[in-house]
Amino acid sequence: MAQPLLARLREKLPGAAIDVVAPPWVAPVARRMPEVHEVIEAPFEHGRLQLASRWRLGRALAARRYDQAIVLPNTWKSALVPFFADVPLRSGYVGESRYGLLNLLYRRKSGAPMPSHYAALSESPGKVPQEPLPSPRLLVSAHEQRLAREKFGVAPPYAVLCPGAEYGPAKRWPYFKELSEKISLEKVLLGSPGDASAAEGVGGKNLVGKTTLDEAIALIAGAAYVVTNDSGLMHVAAALGRPQVALFGSSSPRHTPPLSGTARVLWLELECSPCFARECPLGHFRCMRELTVDKALAEIQNLAR
């Protein structure tokens with residue numbers, strides 16, 4: 001979602017070195033972005049302040065004498081590292097009252113899609129980024145793809161199914177097993193260890209929780225097509241330009257769309273959707289339950305046209 005921002009910065013500042021501070025679980029994605037010069041892993045645990053660790057990282061980065069830091073998360077603690085690093089220009093959204101920690105403040109535009117939300121940070125506050133935004137792009141070599149296929153015994157052509165979604169059950173389509181039974185290609189299931197329960201019973205080569213993120217990216221890069229919930233791997237598939245069917249229920253493709261011309265989005269857009277809840281607050285789960293296998297198969301067939 002943030003890569004269009006990096007691409008806009010590269011357009012505006014072609015000679016600048018753009019470094020990314022990222023948690024280890026997302027660092028492999030950032031390393032594959034052509035706009036990124038270096039990825040610095042931040043060893044912070046989710047939900048913890050870890051003030052001393054943030055101070056040490058900030059002081060280590062101070063020696064690099066950065067001109068600007070752009071803070072993407074809205075939390076107060078995420079603005080501490082650039083403050084401790086004495087970066088002169090520290091920009092980001094107001095978030096949790098970050099006055100002082102940030103000195104170039106932006107206010108969120110209600111309803112803006114996340115790519116536009118982030119891309120606006122490449123402009124002066126209040127200015128809308130020019131459309132269309134650059135598309136995300138990740139770099140994966142043919143050698144990496146071959147090594148991943150050989151390691152896990154995967155032979156092309158194959159389809160990748162991503163039945164999980166970290167946010168919660170309301171984002172997980174319940175019919176991956178039925179879909180898998182109707183797909184003629186070899187099926188490869190991918191996801192994080194937390195997606196294991198969603199992959200249970202789904203036919204195919206179950207690699208959920210068994211690959212590194214780099215290996216999952218390499219396998220997606222070689223897929224004939226991908227079927228996925230609104231998840232991190234959906235955005236990976238989009239950035240790799242793979243044909244995909246993206247299934248939305250409690251979330252909205254207007255808010256977090258797969259940024260790819262080869263993506264087909266399925267969303268019923270019920271009167272109660274999007275609720276952005278982790279579980280269906282009404283108990284009927286119609287937004288996903290009424291998204292049938294036949295509809296998904298029809299979109300898979302459209303991908304081949």
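E3 and strand E4 (residues 89–93) are paired in the parallel sense over 4 bridges; two strands count as paired if DSSP finds at least two bridges between them. Helices (H or I, at least four residues) and strands (E, at least two) are DSSP runs, numbered from the N terminus. Within this pair, Ile70 has Ser91 of E4 as its bridge partner. Before going on, please note that this is a predicted model, in which local features need pLDDT of at least 70 and side-chain atom pairs count only at pLDDT 80 or more, while totals for chains, interfaces and linings use all residues. Residues are numbered from 1 along each chain as its sequence is written, and side-chain values use heavy atoms, with hydrogens and water left out.

The pair belongs to an open sheet of 3 strands in the order E3-E4-E5, with parallel pairing. Strand E3 (68–71) and strand E5 (104–106) are at the edges with a single partner strand each, so one side of each has no neighbour in the sheet. On average, neighbouring strands here are turned by 15° against each other, direction ignored.

## The six-stranded sheet

A second open sheet has 6 strands in the order E8-E7-E6-E9-E10-E11, and its pairing is parallel. Strand E8 (205–206) and strand E11 (263–267) are its edge strands, each pairing on one side only. Helix H12 (residues 293–303) packs on this sheet and touches E9, E10 and E11; the direction of H12 makes about 165° with that of E11. Such angles run from 0 to 180 degrees between N-to-C directions, with axes being lines fitted to C-alpha atoms, for helices over the stretch in contact.

Strand E9 (residues 225–229) runs parallel to strand E10 (residues 244–248), and 4 bridges join them. Asn229 stands opposite Leu247 in E10. E10 is largely enclosed by the rest of the structure, because 5 of its 5 residues are buried (under 20% relative accessible area, with exposed meaning over 50% and partly exposed in between, for a 1.4 Å probe and protein chains only). Gln244, Ala246 and Phe248 point one way from E10, Val245 and Leu247 point the other way, and all are buried.

## Helices H6 and H9

Helix H6 (residues 142–152) packs against helix H9 (residues 213–221) at an angle of about 105°, with the axes 8 Å apart. That makes H6 roughly perpendicular to H9 (65 to 115 degrees; under 35 is roughly parallel, over 145 roughly antiparallel and the rest oblique). Their contact (heavy atoms within 4.5 Å) involves Glu144, Gln145, Ala148, Arg149, Lys151 and Phe152 of H6, together with Glu215, Ala218, Leu219 and Ala221 of H9.

H9 is mostly covered, with 7 of its 9 residues buried. Among the buried residues of H9 are Ile217 and Ile220. Their cover includes helix H2 (27–31), H6, strand E6 (158–162), E9 and helix H10 (232–239).

## A buried glutamate in a loop

Glu123 lies in the loop between helix H5 (114–119) and H6. Glu123 is buried, with a relative accessible area of 11%. Leaving aside residues up to four places away in sequence, Glu123 touches Lys12, Tyr106, Pro129 and Gln130. With Lys12, Glu123 makes a side-chain to side-chain polar contact (3.3 Å). A polar contact is a pair of N or O atoms within 3.5 Å; within protein, one must be able to donate a hydrogen and the other to accept it, and residues adjacent in sequence count only if both atoms are side-chain atoms.
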